[in-house]
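Please keep the sequence and the structure in view while reading.

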Amino acid sequence: MFTRCLLPITFISLALLGGCGALTQQRDATLATSSQLDARFAELEQTLSQRFANEQAEETAWQRRQDRLGEELQRIDARMKGLRAEIARLHQAPKVQAPVRDMDIPEELRNKTLLGSSEWVGLPTVGTYLQARIDSGAETSSLSATDITEFERDGDSWVRFKLALEKEDEAVEQVQEKSIEAPIERRVRILQSTGEESRPVVSLPMTLGPISQNVEFTLNDRRHLSHPVLLGRNFMRDIAIIDVAEKYRHPRPEFPGGEPSEVAKADEVANGKNSD
């Protein structure tokens with residue numbers, strides 16, 4: 001009887017002792033020594049120090065970039081202020097007159113007449129003024145003519161013709177239907193897409209500004225072109241040079257029955273003939 005009562009107590013005691021042993025082992029497993037804690041704290045401190053150092057380096061680099069950007073903005077601002085000051089100075093500065101073109105001509109060319117790309121010419125024996133295009137690319141000068149008839153006089157070859165003009169071409173009205181006669185100086189052959197053409201050449205007195213001399217003209221109908229007269233290299237050689245940026249540098253000559261040169265100058269300005 002006593003033995004049966006003792007057995008349960010023994011089992012309960014053993015169980016309690018076993019539980020206490022397991023608890024003691026678990027506590028021993030979770031507790032760390034002071035040296036381990038010191039090592040862990042040192043590791044954490046080093047990690048934090050490294051992270052702080054990295055953040056400090058990034059902040060320093062960012063600050064340097066900010067400083068460089070600030071300096072660049074200051075330079076740009078100073079440059080803009082300089083440009084604004086220069087623009088203001090240019091606006092306030094008096095306009096300087098362009099130097100006279102004649103002063104830019106080399107010494108060896110000073111004795112030559114400066115012509116624009118278009119000029120007024122006079123034909124004294126015909127009695128009219130005409131507009132001429134100055135063309136250094138052409139060798140021979142040309143006069144717009146129609147009703148060209150060749151004939152013989154005292155054994156020499158002559159030609160009779162009239163000026164070929166459009167309604168807008170400016171000339172002395174009384175001579176537009178006038179027959180003009182002149183000896184044939186020579187003939188020139190002109191190669192065209194339609195074939196070869198022979199044209200008579202006549203010599204007529206002509207004036208252009210200070211120039212007054214005989215000029216050889218080929219005769220052909222120029223009504224489809226912009227000017228009734230073309231002046232080529234043979235006329236300009238040794239006496240004139242061209243400024244293609246200008247037109248009508250010299251006044252229109254006056255002839256009986258024609259408009260005064262002052263009226264022509266007003267017409268040139270009104271029609272834009274002095275412009276490019």
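Which residues make a nonpolar surface patch of about 370 Å²? The patch is made by Leu73, Ile76, Met80 and Leu83. Patches are made of residues with over 30% relative accessible area and no salt bridge, like charges being joined within 9 Å and nonpolar side chains (Val, Leu, Ile, Met, Phe, Trp, Tyr) within 5 Å. Leucine 73 is found in helix H2, residues 34–92, and counts as exposed because its relative accessibility is 57%. Here buried means under 20% relative accessible area, exposed over 50%, and partly exposed in between, with a 1.4 Å probe and protein chains only.

The model is predicted, so that local features need pLDDT of at least 70 and side-chain atom pairs count only at pLDDT 80 or more, while totals for chains, interfaces and linings use all residues. Residues are numbered from 1 along each chain as its sequence is written, and side-chain values use heavy atoms, with hydrogens and water left out.

**Overall architecture**

The chain contains four helices and 10 strands. Helices (H or I, at least four residues) and strands (E, at least two) are DSSP runs, numbered from the N terminus. Of the 276 residues, 29% count as buried. The accessible surface, from the Shrake-Rupley method with a 1.4 Å probe and only the protein chains shown as cover for residues, comes to about 19,200 Å², of which 53% belongs to carbon and sulfur atoms.

**Strand pairing**

Two strands pair if DSSP finds at least two bridges between them. Strand S4 (residues 141–153) pairs with strand S8 (residues 211–220) in the parallel sense over four bridges. S4 also runs antiparallel to strand S5 (residues 156–163), joined by seven bridges, and to strand S9 (residues 229–231), joined by two. Leucine 143 has leucine 219 as its bridge partner in S8 and valine 229 as its partner in S9. Strand S7 (residues 195–208) pairs with S8 in the antiparallel sense over eight bridges, and there valine 202 stands opposite phenylalanine 217.

**Nonpolar cores**

A nonpolar core is a set of buried Ala, Val, Leu, Ile, Met, Phe, Trp, Tyr and Cys residues joined through side-chain atoms within 4.5 Å. The largest has 30 residues, and those with the most contacts inside it are Leu130, Leu143, Met206, Phe217, Leu231 and Phe235. A second, separate core of six residues includes Tyr129, Val172, Val175 and Tyr248.

**Salt bridges**

The structure holds 14 salt bridges, each being a side-chain nitrogen of Lys or Arg within 4 Å of a carboxyl oxygen of Asp or Glu. Three of them are listed below.

| Arginine 75 | Glutamate 72 | 2.3 Å |

Arg153, Arg160 and Glu181 are linked in a network of salt bridges. Arginine 75 and glutamate 72 are separated by about one helical turn because they are three residues apart in helix H2. Lysine 81 and aspartate 77 both lie in helix H2, four residues apart. At 51% relative accessibility, lysine 81 counts as exposed, whereas aspartate 77 is partly exposed at 36%.
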